[in-house]
Amino acid sequence: DASDVAPVVQSTADDIAEMRIRGAATIADAAAEALATQAELSDASSPAAFRSQMHAAAKTVYETRPTAVSLPNALRYVLREMDGDTVDELRSSTIAGAEAFRRNLERAQTTLGEIGANRLRDGDVVMTHCHSTDALACIEAALEAGKHIEAIVRETRPRNQGHITARQLREWGVPVTLIVDNAARRYLNDADHVLVGADSIAADGSVINKIGTSGLAVNARERGVPVMVAAQTIKLHPDTLTGHTVAIETRDETEVLTPSERNEITPHESDDELTVENPAFDVTPPRHVDAIVTERGQFPPESIVTLMRELFGETTRDPWET
Ligand code: RUB
């Protein structure tokens, strides 16, 4: 039950929900770390009690944000590694599983970056959206290969994750042009690639990423600019193999409109005829995506399903479901 969940695990869950920890890969890493911490701190007196504490911890972390499948994929991976007949064995296998997951995550991102960098030529200009560590890994590898890369960075309303991307790129010495999202079509004339990450990839090759990605991809297609999605295989959404759709998170209206801004529009505090919608993600159909770059190679979106079948096979019930 929830009272067995370590406070530090609850605080990781809060950090994810409040976006102090954000981005699909970073969330997955934090989730695995939280399970390792729960295992370490557990005072369970029986193997059954240990398992139920781990499931409660996983559920707490799982119920933070719905769209990035790397989160449940991370939890499933670690809980699958939990094995043994005693509390000590369960504890050490869980910790080892979390460590392996985190190592693989880092290695996958490096490999993906090297593969993605092959698409980038010396002198290319890349347009980015949001902040994706997988996408940035491609640019980092291109820079390490001695290529000159420039970037047009969309600020990414409402939370301006583009600023994080711009900061990282400037640290690497990449010339950055920061633009408002609405200016993207005008600046696509200067771009050689659109490069984005993903929170989830569906079996049909649809890419679920930060709101605004799909409109950018449509415009890029119209301008003949290739759209490249950098996504480790933990972004592949196994439930979509059986026809499930990916839940799109909607966030609080205050990210878009502060209470005082609302008050300027309408003085009636509870004016429910002024609605603010704030979906955090959207779906880019496969026909607007040129390549999905993973640590297992580059795929046309329509063929990503073969990789999903190989990696996930049959889907089962989640261990934290009762
Ligand atoms: C982040 C976002 C990123 C993906 C991929 O959204 O949409 O593009 O998560 O990131 P938010 P990464 O800021 O709402 O979490 O490549 O680092 O996994």
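**View 1. Arg154 and Ile179 face each other across two strands.** Here Arg154 stands opposite Ile179 of S3. The parallel strands S2 (residues 150-154) and S3 (residues 176-179) are joined by 4 bridges; two strands count as paired if DSSP finds at least two bridges between them. Helices (H or I, at least four residues) and strands (E, at least two) are DSSP runs, numbered from the N terminus. From S2 the chain crosses through helix H7 (residues 162-171) to S3, a right-handed β-α-β crossover: with the strands pointing away from the viewer, the path from the first strand over the helix to the second runs clockwise.

A quick note before the next views: residues are numbered from 1 along each chain as its sequence is written. The model is predicted, so local features need pLDDT of at least 70 and side-chain atom pairs count only at pLDDT 80 or more, while totals for chains, interfaces and linings use all residues.

**View 2. The ligand lies between domain 1 and domain 2.** Of the 18 residues around the ligand, Ala25, Ser132, Thr133, Asp134 and Gly197 come nearest (a residue is near if its C-beta atom, placed from the backbone, lies within 6 Å). Helix H2 (24-41), helix H6 (133-144) and strand S6 (207-210) each give two or more residues to this shell.

**View 3. Strands S5, S6 and S8 form an open sheet.** Their order is S5-S6-S8, with antiparallel pairing. S5 (200-201) and S8 (281-284) are the edges, each with a single partner strand, so one side of each has no neighbour in the sheet. S6 and S8 share 4 bridges, and Lys210 stands opposite Phe281 of S8.

Key
Domain bounds come from an automatic or database domain assignment.
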